[in-house]
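User: Hi! I'm new to this one, could you walk me through it?
Analyst: Happy to, let's have a look together.

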Amino acid sequence: MKYIIMADGKGTRWQNYKDIPKHLIEIGGETLLGRTVRLLQEGDPSGQVIITSHDSRYEFPGAQRYEPKNNHLEIDRFTEELIEDQVCFLYGDTFYSESAMDTILSAKAEDILFFGNARSIVAVKVADGSLFRYHVDRVRQLFLEGKIEKCIGWQVYQSFIGLPFGEKRIGEKFTVLEDSTEDFNSPEDYNRRKSR
């Protein structure tokens with residue numbers, strides 16, 4: 001299995017808080033990216049870990065940094081040239097609990113399997129790369145044509161399952177990870193976590 005940690009976002013909501021990118025904030029003495037790399041290595045020692053980023057600070061032992069060829073829309077985080085069979089996309093700005101990572105690693109995807117909760121998608125396990133590429137490309141095209149308002153992971157899920165666009169609703173091919181992951185998109189998210 002190939003694990004791709006998506007960390008090439010623009011971080012507009014983070015606004016370079018504390019003069020560091022959100023992927024490098026520390027929780028419990030460990031950066032978000034470092035923790036994700038470690039959990040992947042512990043859970044699947046034979047897996048290949050790739051961090052997609054143009055930032056040279058994102059070099060971590062046990063992972064390869066890859067600079068995506070295209071990063072214009074938010075959906076481009078699913079690095080087109082890395083989509084293939086047996087790949088798992090994870091979000092670089094997400095804190096994964098050990099139980100969440102165990103669930104992601106042990107789950108079997110027949111074609112495409114999404115992980116997250118009602119607020120966010122935090123991982124996508126892809127067994128059929130061509131099917132996943134079709135839905136990513138379809139969502140990108142619909143967005144560029146002005147037919148949908150956003151083009152992120154939720155729209156890929158909605159396209160794949162056949163759900164209406166725009167409404168976050170969980171159906172089949174979605175594993176719910178309640179309260180075992182946490183997203184860090186803004187300084188408020190980080191400060192809320194630190195105040196606990």
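**Strands and a helix**

Analyst: This is a predicted model.

User: Which strands does β1 pair with, and in what sense?
Analyst: β1 pairs in the parallel sense with β4, residues 48–52, over five bridges. β1 also pairs with β6 in the parallel sense, again over five bridges.

User: What stands opposite Ile4 in β4?
Analyst: That is Ile50. In β6, Val87 is the bridge partner of Lys2.

User: And which residue in β9 does Val87 stand opposite?
Analyst: Val126. β6, residues 87–91, and β9 are joined by four bridges in the antiparallel sense.

User: Is β9 largely enclosed or exposed, and why?
Analyst: Strand β9 covers residues 121–126, and six of its six residues are buried, so the rest of the structure largely encloses it.

User: How many bridges join β8 to β9?
Analyst: Five, and the two strands run antiparallel. β8 and β9 form a hairpin, with four residues between them. Across this pair, Phe115 stands opposite Ala123 in β9.

User: Switching topic: how many residues does helix α1 have?
Analyst: Twelve, residues 32–43. From first C-alpha to last, α1 reaches 16 Å, close to the 16 Å expected at 1.5 Å a residue.

User: Which residues of α1 are buried?
Analyst: Leu32, Leu33, Gly34, Arg35, Thr36, Val37, Leu39 and Leu40.

Technical notes
Residues are numbered from 1 along each chain as its sequence is written. This is a predicted model: local features need pLDDT of at least 70, side-chain atom pairs count only at pLDDT 80 or more; totals for chains, interfaces and linings use all residues. Side-chain values use heavy atoms; hydrogens and water are left out. Buried means under 20% relative accessible area, exposed over 50%, partly exposed in between (1.4 Å probe, protein chains only). Two strands pair if DSSP finds at least two bridges between them. The expected span of a helix is 1.5 Å times one less than its number of residues.
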